[in-house]
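Have the model open and follow along.

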Amino acid sequence: MNISIVTVGKLKEKYLKQGIAEYTKRLGPFAKVEVIEVSDEKAPENLSETEMIQVKKAEGDRILGKISPDAHVIALAIDGKMKTSEQLAHDLDQLATYGKSKVAFVIGGSLGLSENVLKRANDTLSFSKMTFPHQLMRLILVEQIYRAFKINRGEPYHK
Ligand SMILES: C[S@@+](CC[C@H](N)C(=O)[O-])C[C@H]1O[C@@H](n2cnc3c(N)ncnc32)[C@H](O)[C@@H]1O
């Protein structure tokens with residue numbers, strides 16, 4: 001399976017880079033995982049509603065430009081669907097079974113995802129009603145993808 005994680009902004013923190021590199025390496029035998037970064041728009045505190053929509057739209061267009069037409073898109077959104085790790089594992093297993101070899105997870109920028117990205121998404125995924133920084137979200141996501149593959153293979157991993 002080819003998994004891409006399409007994200008907004010450049011990852012700077014070393015500890016996050018190390019964590020993501022570790023899980024990407026562990027995922028090596030199961031899937032090819034690629035993190036694709038698109039540039040973020042400046043988003044100062046005082047933006048109007050219209051300007052916020054414009055920021056999300058510009059970032060969203062860049063995100064969509066990185067997603068292949070045949071990819072199954074899962075948008076990470078606070079108001080998305082909450083799933084257990086087992087459910088995510090099942091979803092990935094079903095996608096593989098039905099020949100969907102390209103899966104793109106999408107993480108928004110500081111203002112979230114645009115309507116056009118949410119419209120393109122085949123599914124949404126919420127990790128809780130809490131707001132996580134988008135950069136930390138990458139690490140949490142890649143760990144859960146790794147966990148999903150371990151579950152699907154019936155291999156031991158932390159409970
Ligand atoms: C800082 S958050 C954006 C917050 C923004 N106010 C919103 O409502 O989307 C940046 C991105 O991280 C992801 N994210 C943050 N918390 C999340 C959660 N609990 N579940 C799923 N994705 C989350 C989403 O993709 C979001 O667009």
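Strand β3 (residues 72-76) and strand β4 (residues 102-107) run parallel, joined by 4 bridges. This is a predicted model, where local features need pLDDT of at least 70, side-chain atom pairs count only at pLDDT 80 or more, and totals for chains, interfaces and linings use all residues. Residues are numbered from 1 along each chain as its sequence is written.

β3 also pairs with strand β5 (residues 123-125), again in the parallel sense. Strands here are DSSP runs of E with at least two residues, helices are H or I runs of at least four, and both are numbered from the N terminus; pairing takes at least two DSSP bridges.

| Strand paired with β3 | Bridges | Example partners |
|---|---|---|
| β4 | 4 bridges | Val73 and Ala104 |
| β5 | 3 bridges | Ala75 and Thr124 |

β3, helix α3 (residues 85-97) and β4 form a right-handed β-α-β unit (strands pointing away from you, the path from the first strand over the helix to the second runs clockwise).

Is β3 mostly covered or open? Mostly covered: 4 of its 5 residues are buried, meaning 20 or more other C-beta atoms within 10 Å of their own, with C-beta atoms placed from the backbone.

Methods:
Buried ≥ 20, exposed ≤ 12 C-beta atoms within 10 Å, placed from the backbone.
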